[in-house]
Amino acid sequence: GGCCGLPPLAAARIPPTQRSAAALQWLLAERRAEGRSGDAGGSQLRCFDDGVIERLDPETGAAVSLTECRCTLSRRLRALAGITEDEYFASVCASPWVVGGRGGEPPAASTRAASWRSSDGRLVVEIVGRQEIDTLRHMMPHLVLYFEQNARSLLCRYLGAYTLCRGGSQVHFVVMSSVLTEPAQQVFGLKGTSEDGWLEPATTVLAKDLRCRSEKVFVAPGDRQRLVEMARDDAEFLGAMHVADYSMLVGLRPASCSSASSSGGEVRCWVPSCEDRREACDMQLGIVDYLRCRTPKQAVAQWFSRFSIGCCFREVDVEPSAVYCRRFCKNIVEKLVSFR
């Protein structure tokens, strides 16, 4: 048998991404067991240092290494998210991960090559590109300072970043807190362009152009003001980090008997239903996928887009960060409507 209940790392017919996930869990468990997870009492790691562990694959004998990016800062981010080290490693290492993205949607619903949820549903693990890992490394000290001053931020909490090296190849992982901590009947994403989408978890059908649809989300005036202000603060922070593409992930489920917490990214809302009535729902929301900074390639893509999709008066997601921020805030204001 393999580590953490997963198949052996070299098991036949196991997808490469699943083998990489198994290796990540195994090496994280090894690192935690050695007390070298960044919170070890005798650690001499500095604030910006990485932590590395090397092992031999028990199945093939090949060398495997895991680099934890800026592990001291990652530990501080976990503490700011209210997750202890024991809780974090229990979620990541104790049980096999469940295939699927945030809130249970399949990986095909996002741009990720692969994504998993921890068995307790608290964490999401995704494979990302080198550029996104580099962006997170750069943002980590800024995120620590921002979350210290904005504990109610809607930004998804990144809790760890890892690079797995095996057989001459590298796979990059990020671990984040789950925005949708409770199962959602409807999930949609709101962006700073007209390319928004609505996901039906039961059918995994993604309908484009949500912003052009008539659906609105009605919330109490005080909740609306709070959410709009938090979204604007977060978007301006991401703009200062030159991030030019991100989404607001929103999940809706039938209203529970108890009132919604109305704190952070959870609030009671009302959505249009049949017969011109409004149905009470509990809404969870958070900003995700904010590791894409504007690059020279995107600047060229913006130029070409203005002569293609731009000529049809459609907004594109390769605009400068300030433009994307302004459109994102505008879309949030239009989607959230005060309900008295």
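Author: Take a 1 Å grid over the protein atoms alone: a cavity is a set of points where a 1.4 Å probe fits but cannot get out, and a pocket is an open set with protein on both sides within 12 Å along at least five of seven lines. Lining residues have an atom within 4 Å of a point. This model is predicted: local features need pLDDT of at least 70 and side-chain atom pairs pLDDT 80 or more, while totals for chains, interfaces and linings use all residues. Residues are numbered from 1 along each chain as its sequence is written, and side-chain values use heavy atoms, without hydrogens and water.

Reader: How much space lies in the largest cavity?
Author: The count of cavities of 30 Å³ or more comes to 1. Volume here is the space filled by probe spheres set on grid points, joined across faces, edges and corners. For the largest cavity that space is about 80 Å³.

Reader: Which elements give two or more residues to the lining of the largest cavity?
Author: The lining consists of Phe 188, Leu 190, Val 217, Leu 227, Met 248, Val 250, Met 283, Leu 285, Ile 332, Lys 335 and Leu 336. Elements are DSSP runs numbered from the N terminus (helices: H or I, at least four residues; strands: E, at least two). Those giving two or more residues are β8 (186–191), β12 (247–254), β14 (278–288) and α7 (321–335).

Reader: How many charged residues are in the lining of the largest cavity?
Author: Ala, Val, Leu, Ile, Met, Phe, Trp, Tyr, Cys and Pro count as nonpolar, Asp, Glu, Lys and Arg as charged, and the others, Gly among them, as polar. The lining has 10 nonpolar and no polar residues. Its charged count is 1.

Reader: Which residues lie nearest the centre of the second largest pocket?
Author: This pocket holds about 540 Å³ of space. Its lining has 8 nonpolar, 11 polar and 5 charged residues. β14 gives the largest share, 3 residues. Of the 24 lining residues, those nearest the centre are Arg 157, Ser 177, Ser 178, Val 179 and Thr 181.

Reader: Are α2 and α4 roughly parallel or roughly antiparallel?
Author: The axes (lines fitted to C-alpha atoms over the stretch in contact) of α2 (residues 71–80) and α4 (residues 130–149) come within 10 Å. They cross at roughly 25 degrees, on a scale from 0 to 180 between N-to-C directions. Under 35 degrees counts as roughly parallel, over 145 as roughly antiparallel, 65 to 115 as roughly perpendicular, the rest as oblique. So α2 and α4 are roughly parallel.

Reader: Which residues of α5 make the contact with α4?
Author: The axes of α4 and α5 (residues 221–240) come within 12 Å and cross at roughly 155 degrees. That makes the two helices roughly antiparallel. Contact means heavy atoms within 4.5 Å. Met 139, His 142, Leu 143 and Tyr 146 of α4 touch, in α5, Asp 233, Asp 234, Phe 237 and Leu 238.

Reader: How many nonpolar residues are in the contact of α5 with α7?
Author: The two axes come within 9 Å and cross at roughly 170 degrees, so the helices are roughly antiparallel. Among the residues that meet are Val 228 and Ala 231 in α5 and Phe 328 and Ile 332 in α7. The contact has 2 polar and 3 charged residues, and its nonpolar count is 8.
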